[in-house]
Protein chains: 2
Amino acid sequence: MSMSLDGFIAGPNEGPDNGLGDGGHRLHELAMTGGGADDVEATRRLGGVNGKVLDEFMATGAVVAGRGTFEPAGGWGGDHHDGVPIFILTRHDPADLRQWPLVTYVNDVTTAMTRAKEAAGDKNVLVHGAGTAQLALAAGVLDEIELHVIPVLFGQGRRLFEGLAPEHVELERTRILEGEAGVTHMHYRVQR
Amino acid sequence: MSMSLDGFIAGPNEGPDNGLGDGGHRLHELAMTGGGADDVEATRRLGGVNGKVLDEFMATGAVVAGRGTFEPAGGWGGDHHDGVPIFILTRHDPADLRQWPLVTYVNDVTTAMTRAKEAAGDKNVLVHGAGTAQLALAAGVLDEIELHVIPVLFGQGRRLFEGLAPEHVELERTRILEGEAGVTHMHYRVQR
């Protein structure tokens with residue numbers, strides 16, 4: 001997840017025609033959490049630390065996201081990367097939603113994460129979107145957090161960490177990487 | 001400033017008898033932003049990365065804080081460290097407030113920072129407290145940000161970055177240090 005130093009993952013005034021919020025593109029210039037495979041290829045080709053982290057992002061074996069991430073991205077054309085299975089959280093009847101071969105609609109985050117972990121095998125699962133990450137964290141099914149901290153303060157917008165219960169979740173810091181363009185990649189494992 | 005990974009510098013339910021909020025001591029176990037010289041000596045004696053950062057903290061040449069930080073800390077006994085001048089923001093008439101030889105009461109943040117920078121000479125100025133840091137940032141008189149990111153999620157509490165204007169403030173990442181106990185020290189310079 002790409003985040004400003006002050007904790008925002010989108011600018012203010014998000015909407016259907018303004019998916020990243022005002023100025024939100026500043027967080028996605030490295031295509032860290034962009035709209036699928038096409039967006040990240042340029043950065044991967046650059047190599048370096050940011051390219052390495054993007055390689056990891058694209059080496060995941062399954063994707064979990066909410067419809068609020070999936071649909072504005074055009075369902076990533078039905079294939080986020082490399083044909084890995086995609087699990088989309090929704091409370092709607094799947095029969096009413098567009099069907100894609102790789103996409104399974106699931107109505108709770110624990111089921112989505114369990115199935116995604118099974119499908120991914122030895123690989124990691126990519127959790128895509130702040131709302132899904134918050135749900136997975138609250139449900140105790142998020143194992144790791146990778147933040148790409150962008151050297152900017154947003155001041156206003158949508159926060160990654162919002163609406164969590166007032167309970168301490170202890171973390172193990174597992175890796176800090178200083179990427180290009182002032183981006184710092186912070187990796188933590190959730191302690192349980 | 002010691003901050004949880006999710007951006008909190010105090011737990012919920014802050015009050016006169018609960019200065020750090022519920023569970024807020026978790027952020028101050030390294031005495032990074034504690035109640036003055038006595039609190040930090042133990043960590044400094046440990047050396048290491050955290051000790052080095054504390055040495056820098058204690059090598060500042062002036063302190064700026066608000067009354068909400070200053071008074072609950074007992075005015076640091078009138079001497080935060082090494083007898084450096086202390087500038088306390090307040091809208092009250094200074095004549096009504098307790099007088100200390102090293103303390104000057106000032107009613108706006110720009111004046112406080114200007115005088116503190118003059119007083120500090122070649123040394124840095126320590127800005128103590130989230131409210132003062134926010135005011136200094138908004139007024140364009142905060143030059144650097146040093147965050148001590150503690151490996152914990154708080155979920156609720158008081159945020160460091162709150163109530164800022166919806167304007168991007170670009171930062172230059174100047175130093176990332178991996179301290180002991182999972183603490184990551186992130187240093188940025190504000191770009192203007």
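Buried area is the accessible area, taken with a 1.4 Å probe, that two parts lose on being put together, summed over both. Hold on to that for the interface. First, the ground rules. This is a predicted model: local features need pLDDT of at least 70, side-chain atom pairs count only at pLDDT 80 or more, and totals for chains, interfaces and linings use all residues. Residues are numbered from 1 along each chain as its sequence is written, chains are lettered from A and ligands numbered from 1 in the order written, and side-chain values use heavy atoms, with hydrogens and water left out.

Now the interface. Chain A and chain B bury about 3200 Å² between them. Carbon and sulfur atoms give 58% of that area. On the chain A side, Leu5(A), Leu153(A) and Arg173(A) lose the most area to chain B. Together they make up 22% of what that side buries.

Next, contacts, meaning heavy atoms within 4.5 Å. Chain A puts in 37 residues, and chain B puts in 37 residues. For chain A, 100% of the interface residues are also interface residues in chain B, so the copies meet through the same surface.

How are the copies related?

Which elements give two or more residues to the chain A side? They are β7 (144–150), β8 (152–153), β10 (169–178) and β11 (184–190) of chain A. Strands here are DSSP runs of E, at least two residues, numbered from the N terminus. β10(A) gives the most, with six residues.

Salt bridges next: a side-chain nitrogen of Lys or Arg within 4 Å of a carboxyl oxygen of Asp or Glu. Over all chains, the structure holds 24. Between chain A and chain B, the count is six. In one salt bridge, Arg26(B) meets Glu170(A) at 2.7 Å, N to O. Within chain A, Glu146(A) bridges to Arg175(A), with the closest N and O atoms 3.5 Å apart. Glu146(A) lies in β7 and Arg175(A) in β10 of chain A, so the pair ties together parts that are 29 residues apart in sequence.

Last, the sheet. Two strands pair if DSSP finds at least two bridges between them. Five strands form an open, mixed sheet, in the order β8(A)-β10(B)-β11(B)-β7(B)-β1(B). The edges are β8 of chain A and β1 (2–4) of chain B, each pairing on one side only. β8(A) and β10(B) run antiparallel, joined by two bridges. There, Val152(A) stands opposite Glu170(B). β10(B) and β11(B) are also antiparallel, over seven bridges. Glu172(B) faces Arg189(B) in that pairing, and Arg175(B) stands opposite His187(B). Their hairpin has five residues between the strands, and Ala181(B) takes a positive phi near 60°.

Conventions:
Helix = DSSP H or I, 4+ residues; strand = E, 2+ residues; numbered from the N terminus.
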